[in-house]
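Please consult the structure alongside the text.

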Amino acid sequence: MANVIVVGAQFGDEGKAKVTDLLARNADMVVRYQGGANAGHTVVVHGETYKFHLIPSGILYPGKTCVLGPGMVIDPKSLLSELSGLMDRGLEDSKLRISASAHVTMPYHFLIDAAEEDSRGDQKIGTTKRGIGPTYADKCARSGIRMEDLLDRDVLKAKLDWMVPRKNVLLERIYNLPPLDADEIVNEYYELGQKVKKYVCDTAALIFQAIGDRKNILFEGAQGTLLDLDHGTYPFVTSSSPTAGGACTGTGVGPTTIDRVIGVMKAYVTRVGEGPFPTELTDSLGQRLREVGVEVGTTTGRPRRCGWFDAVLGRYAVRINGLDCLAITKLDVLDGFEEIQVCTAYRDKQTGETVTEMPTIGSKFQHMEPIYTTVKGWLTPTTECKSVKDLPENAKKYLDMISEELDCPIAIVSVGPNRDHTVVIEDPIHGPKRVLSKQPVK
Ligand code: IMP
C-alpha cells in the first residue's frame, strides 16, 4: 500500500501524465486534485496518443477508480466531450467519480476570463481562457456553483437568479458584452447535471474508504509548482494549488496518509503564457528545443517558451513540495546538443549579487539573470536506452549534476514519448524515503 503524489515541478507540461501512467499500473485509484480543463496531459500507448484535460489518465487501465476531486473546477461540457471521445476509443467510465463539491465553470466564467485578459493589455497573464481564474474567484467569494447544485433545479435556479444579474452588470457595463439569460443557463446546466449525475458522489469518503482498505492511491497534479497560486510566480500563475499540499486540501485527505511525493521536471524548461523565465532562450537554440521537443501547448496550441534547466527553480520545487525523488522527462530532446547549460544561480542585475534561492518577491524575480555551468552533450540517441547502464556517460553526468544541485535523487528518466521509453533508476515508491540534508547549525 502506498499513497503517492505526482507533482509538476516547473511551469507545467513537464510530462506528468507519462509518469502517472507508469505508476497507475500499480494503483487502485487515480485522483486529480486541482485545476480544470486548462490542463493538457498527453499519454502515448502503443503508438496511440491520448490527450486528457479533466479526466485522470488512469482511465487507460481498466478497473482503476478515477476521481475528480473537490479541489477541481469542472466544465461539464468539456468533461462530457472528453469522456465520449475516450469511450469511442473503447475506454470505460464505470469507475469514474466526480466530487459533489467540485466547482463548475459556468458560461460567464469563460466570458469574463477572456474579457479580463483582453483588457489587461501588456499586463496580461496569458491564461488558457478556460474560465479557471473566475471559477476559483467565485469559489473563494462563496458564490460558486458546485457539481451538487447541478443536480437540483431549484437550488441551481435560486443561485443563478442571484448570480447572473450581477455577472451581467460586469459583462455589459465593463466589457460591453451582451447579457446572459439566467433561465437558459438553468435549463442547460440542469440537463448537463442529469448527464453527469451517475458519476457524482462524496469522493473524500470514497478515498477515505480506499485508504482504510489499504489500496494504492495516486494523486495526479496538473500545471506546476511555479504556477501555484501561493508559491508560484504571482500574478503569472494559475488559480489553484498544484503543489503537493494541494493534493490534501483538494481531495480531503490528511497529510499523514501520503507516503511519497514525486516531482516531474523536464531535462530543460518550458513555459506557456506570460511571466518570468530566467533561462528562456529567445534565439535559435530556443527554437531548436521547441522543434525537437515539439513544444506546443496541448490545450491552447500555443508555442511554448523554451530554455535551459534551472536548478534554482528546481531546488525551490524540491523544498516547496517536499519531493522524495524526481522523474526527469524528455532527456532525449537534448541528444543532439553539443553543449548544454545548467543554471545553478542567478545574478541580480540591479545589485550584482549572486542569488541561489528563488526570490519570492515578484518584481525582484524579473531582474534575475542566469549563471550557467556548461556541460558536454552526449550526441547519442537515448530513446532506446532501457536501463541506466545504457545511457551515454555524459547523459549520466548531466543527470548526476541535476540530482546534486537539487539534493534530490532521480528515480525515473523518460527518453521518448511511449510508455516503454522509460528508464527506472530506482523504485520511486518503495525506494528509500529522502531525508533532508543536514544544515549547518548557525
Ligand atoms: P489559467 O490556468 O488558464 O488561468 O492560466 C494561468 C497561467 O497558467 C497561464 O500562464 C497559462 O498558460 C498557465 N497554464 C494553465 N494551465 C497550464 C498547463 O496545463 N500547462 C502549462 N501552463 C498552464
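Arg260, Asp324, Cys325, Pro409, Ala411, Glu426, Asp427, Pro428, Gly431 and Pro432 line the largest cavity. A cavity here is a set of points, on a 1 Å grid over the protein atoms alone, where a 1.4 Å probe fits but cannot get out, and lining residues have an atom within 4 Å of a point. This cavity holds about 40 Å³ of space, a volume being the space filled by probe spheres set on the points, with grid points joined across faces, edges and corners. Its lining comprises 5 nonpolar, 1 polar and 4 charged residues; Ala, Val, Leu, Ile, Met, Phe, Trp, Tyr, Cys and Pro count as nonpolar, Asp, Glu, Lys and Arg as charged, and the others, Gly among them, as polar. Across the whole structure, the search finds 3 cavities of 30 Å³ or more.

The model is predicted, so local features need pLDDT of at least 70 and side-chain atom pairs count only at pLDDT 80 or more, while totals for chains, interfaces and linings use all residues. Residues are numbered from 1 along each chain as its sequence is written, and side-chain values use heavy atoms, with hydrogens and water left out.

The largest nonpolar core has 53 residues, of which Phe219, Leu326, Leu331, Leu334 and Tyr398 touch the most other members. Such a core is a set of buried Ala, Val, Leu, Ile, Met, Phe, Trp, Tyr and Cys residues joined through side-chain atoms within 4.5 Å; buried means under 20% relative accessible area, exposed over 50%, and partly exposed in between (1.4 Å probe, protein chains only). Helix α12 (residues 393-406) gives the most to this core, with 6 residues; helices (H or I, at least four residues) and strands (E, at least two) are DSSP runs numbered from the N terminus. A second, separate core of 43 residues includes Ala17, Leu83, Leu160 and Tyr190. Beyond its neighbours within four places in sequence, Leu331 is in contact (heavy atoms within 4.5 Å) with residues including Ala267, Trp378, Tyr398 and Val415.

Attention now turns to the backbone. Most residues other than glycine have a negative phi, and most peptide bonds are trans. Lys330 has a positive phi near 60°; this residue lies in the loop between β15 (325-329) and β16 (339-348) and is partly exposed at 23% relative accessibility. Asn176, likewise not a glycine, has a positive phi of about 60°. Asn176 sits in the loop between α5 (153-174) and α6 (182-196) and is exposed, with a relative accessible area of 70%. The peptide bond from Tyr234 to Pro235 is cis, with omega near 5°, and Pro235 falls in the loop between β10 (217-220) and α8 (244-249).

Key: On a 1 Å grid over the protein atoms alone, a cavity is a set of points where a 1.4 Å probe fits but cannot get out, and a pocket is an open set with protein on both sides within 12 Å along at least five of seven lines; lining residues have an atom within 4 Å of a point.
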